Amino acid sequence: MIYDFHTHTYLTDGSNSPIELIRIAIVSGYKCIAITDHVSYSNLDFIISRVGKDCQLAKKYWDIDAILGVELTNVPAKSINDMARDAKELGAKLVVVHGESIVEDVEPGTNLEAVKSEYVDILAHPGIFTSKEAEFAVKNGIFIEISYRVGHSLTNGVVANIGREAGVRFLIDSDAHSHLDLFRPGIQEKVGLGCGLKKDEIKEIFEKNYKLFFKRINY
Ligand SMILES: [Zn+2]
Ligand SMILES: [Zn+2]
């Protein structure tokens with residue numbers, strides 16, 4: 001069963017509707033999918049109210065955990081804590097921060113502000129992840145993402161190495177922008193092995209980290 005905490009829909013730059021992506025995820029072997037469209041204050045309330053309705057619809061009729069999330073993207077680094085708190089107050093169950101990927105030029109300091117915030121749950125594609133960032137993530141229980149997405153995944157190796165040294169908890173997410181980017185059965189393990197995680201570390205993600213993550217987001 002596949003658990004994936006980072007995906008996008010046509011409400012931002014993805015290509016499927018939320019309910020369509022959820023439906024295809026079920027067919028693809030998913031047990032859990034979080035919809036985490038890109039947000040700032042311009043669309044925060046809109047995305048949360050719209051996506052929330054499809055997540056509720058899916059959970060009511062289908063056997064899937066469809067989780068309402070957001071991805072704070074390209075926002076001023078110093079605004080992250082307040083915006084993440086506002087997202088939670090509006091009803092988002094989980095907050096991802098779009099980290100300092102080497103293929104996208106977000107404001108330096110984004111990673112650090114994300115891992116300092118108690119309202120952030122996942123730092124996605126942090127690029128050249130640092131020990132200082134990793135230590136804050138451990139201290140605040142923020143999960144660090146190993147990315148399946150083309151480009152963002154270039155630095156998975158450094159994320160795995162630096163994260164392991166500090167003892168961070170990893171998730172492996174698709175960052176799907178289309179149903180074609182969703183995980184197929186078995187691919188998450190290969191993404192983990194590809195960045196140097198050991199088999200037992202990947203097993204820990206599947207058997208332990210998901211439970212801890214659900215606890216963190218009160219799901
Ligand atoms: Zn992102
Ligand atoms: Zn994303």
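I began with S174 and listed what it touches: leaving aside neighbours within four places in sequence, S174 is in contact with D4, H6, T7, Y30, Y148, R149, D181 and F183. I note here that the model is predicted.

**Entry 1: S174**

I looked up where S174 sits, and found it in the loop between β7 and α7 (187-194). Is S174 buried or exposed? Its relative accessible area is 2%. The cut-off for buried is under 20%, so I wrote S174 down as buried.

Next I checked what the side chain of S174 reaches. Another is the backbone nitrogen of A176, at 3.0 Å.

**Entry 2: the zinc ions**

H6 came up again when I turned to the metal. Which residues coordinate the zinc ion (ligand 2)? I found H6 and H8, each through NE2, E71 through OE and D175 through OD, at 2.0 to 2.3 Å. Along the chain these donors follow the spacing H-x1-H-x62-E-x103-D.

I then looked at the angles among the 4 donor atoms of the zinc ion (ligand 2), which run from 81 to 170°. Four donors count as tetrahedral if all angles lie between 85 and 135 degrees. I recorded the site as irregular.

How far apart are the zinc ion (ligand 2) and the zinc ion (ligand 1)? I read 3.2 Å, and noted that E71 coordinates both. H6 is in the loop between β1 (2-4) and α1 (18-27), while E71 is in strand β3 (residues 65-72); this pair links distant parts of the chain, 65 residues apart. I also looked up burial for the two, and both H6 and E71 are buried.

**Entry 3: salt bridges**

I reminded myself that side chains of opposite charge can pair when their charged atoms come close. How many salt bridges does the structure hold? The total is 10.

I took K31 and D63 as one case, and their closest N and O atoms are 3.7 Å apart. K31 lies in strand β2 (residues 30-39) and D63 in the loop between α2 (44-61) and β3, so this pair ties together parts that are 32 residues apart in sequence. D63 is exposed, because its relative accessible area is 58% and the cut-off is over 50%.

I also found D86 and R85 meeting in a salt bridge, 3.6 Å from N to O. R85 is partly exposed, at 27% relative accessible area.

The next case was E204 with R169, where the closest N and O atoms are 3.3 Å apart. E204 lies in helix α8 (residues 199-216) and R169 in the loop between α6 (156-166) and β7 (170-173), so parts 35 residues apart in sequence are tied together. Both partners are partly exposed: E204 has a relative accessible area of 36%, and R169 has 27%.

**Entry 4: helix α7**

Which residues of α7 are buried? I listed I187, Q188, V191 and G192. They cover an arc of only 145° around the axis, so they are on the same side of α7. On the face turned away from that buried side I found the exposed residues K190 and G194.

I then asked what covers the buried residues of α7. The cover includes β1, β6 (143-147), α6, β7 and α8. Last, I looked just after α7, where G196 takes a positive phi of about 100°.

Note on methods:
Residues are numbered from 1 along each chain as its sequence is written. Chains are lettered from A and ligands numbered from 1 in the order in which they are written. This is a predicted model: local features need pLDDT of at least 70, side-chain atom pairs count only at pLDDT 80 or more; totals for chains, interfaces and linings use all residues. Side-chain values use heavy atoms; hydrogens and water are left out. Donors are N, O and S atoms within 2.8 Å of the metal (3.2 Å for Na, K and Ca); water is not among the atoms, so sites may look incomplete. Four donors count as tetrahedral if all angles lie between 85 and 135 degrees; four count as square planar and six as octahedral if opposite donors are over 155 degrees apart and all others between 65 and 115; anything else is irregular. Helices (H or I, at least four residues) and strands (E, at least two) are DSSP runs, numbered from the N terminus. Buried means under 20% relative accessible area, exposed over 50%, partly exposed in between (1.4 Å probe, protein chains only). A salt bridge is a side-chain nitrogen of Lys or Arg within 4 Å of a carboxyl oxygen of Asp or Glu. A polar contact is a pair of N or O atoms within 3.5 Å; within protein, one must be able to donate a hydrogen and the other to accept it, and residues adjacent in sequence count only if both atoms are side-chain atoms. Contact means heavy atoms within 4.5 Å. The arc is that of the directions from the helix axis to the C-beta atoms.
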